[in-house]
Amino acid sequence: MTTDAWQQARTALVTWWRRIRPRQAGRVDAALVESRDRVLTARRTGDESAESHLVAAWGSRLDALLRDDPALVDELRRLIDEEIAPLLRGEDGARTGSHEFRAEASGHGRVYQAGRDQHIHGP
């Protein structure tokens, strides 16, 4: 979120929003700037829950937009898949998004799963 890619992604989203909801575009732009600042602060302080809450809040905002205008679903999907996601991939090729993990252990088996760093201490 500190790179030129973030600025380009923000611009792409605000441009799209300006086209579909011109009166809201300025507020969306300001909210993106505020969200970026809050995420950077959360990352500096190791507050993963704050970042998760921001992601959920933006998800809710987009859900509300799509409830109001379901015809925007394909357009938003294209914007995210073709313009925003490629910009936000890390240098290591990691993508933003969600993952679903499923595991089953039996007997004395153990399962360790992580979506990010994992540290296991003790026996």
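Trainee: How do you know that helix α1 has about the expected span?

Mentor: Helix α1, residues 4–20, has 17 residues and reaches 25 Å from its first C-alpha to its last. A helix here is a DSSP run of H or I with at least four residues, numbered from the N terminus (strands are E runs of at least two). Bear in mind that this is a predicted model: local features need pLDDT of at least 70, side-chain atom pairs count only at pLDDT 80 or more, and totals for chains, interfaces and linings use all residues. Residues are numbered from 1 along each chain as its sequence is written, and side-chain values use heavy atoms, leaving out hydrogens and water.

Trainee: And what is the span of α2?

Mentor: α2 has 21 residues and reaches 30 Å, close to the 30 Å expected. Just after α2, Gly46 takes a positive phi of about 75 degrees.

Trainee: Why is Trp6 called buried?

Mentor: Buried means under 20% relative accessible area (exposed is over 50%, partly exposed in between, with a 1.4 Å probe and protein chains only). Trp6 has 12%, so Trp6 is buried. Trp6 is found in helix α1, and the C-alpha atoms of Trp6 and Leu87 are separated by 7.2 Å, although they are 81 residues apart along the chain.

Trainee: What makes Ser35 count as buried?

Mentor: Ser35 has 10% relative accessibility, so Ser35 gets the buried label. Ser35 is found in helix α2, and not counting residues up to four places away in sequence, Ser35 touches Leu54 and Trp58. Touching, or contact, means heavy atoms within 4.5 Å.

Trainee: What covers the buried residues of α1?

Mentor: The cover includes α2 (25–45), α3 (48–68) and α4 (73–88). Among the buried residues of α1 are Ala9, Leu13, Trp16 and Trp17. For α2, the buried residues pack against α1 and α3.

Trainee: What makes a set of residues a nonpolar core?

Mentor: The members are buried Ala, Val, Leu, Ile, Met, Phe, Trp, Tyr and Cys residues joined through side-chain atoms within 4.5 Å. The largest one here has 19 residues, with Leu13, Trp16, Trp17, Leu32 and Leu79 having the most contacts inside it. α1, α2, α3 and α4 each supply at least two residues of this core, and α1 gives the most, with eight.

Trainee: How do you know that α1 and α3 are roughly parallel?

Mentor: Their axes come within 13 Å and cross at roughly 30 degrees. Axes are lines fitted to C-alpha atoms, for helices over the stretch in contact, and angles run from 0 to 180 degrees between N-to-C directions. Under 35 degrees counts as roughly parallel, over 145 as roughly antiparallel, 65 to 115 as roughly perpendicular and the rest as oblique. So α1 and α3 are roughly parallel. In this pair, Trp16, Trp17 and Ile20 in α1 meet Arg61, Leu62 and Leu65 in α3.

Trainee: How are α2 and α3 arranged, roughly parallel or roughly antiparallel?

Mentor: α2 and α3 pack at about 160 degrees, with their axes 9 Å apart. That angle is why α2 is called roughly antiparallel to α3. The contact includes Val28, Leu32 and Ser35 of α2, along with Leu54 and Trp58 of α3.

How values were computed
The expected span of a helix is 1.5 Å times one less than its number of residues.
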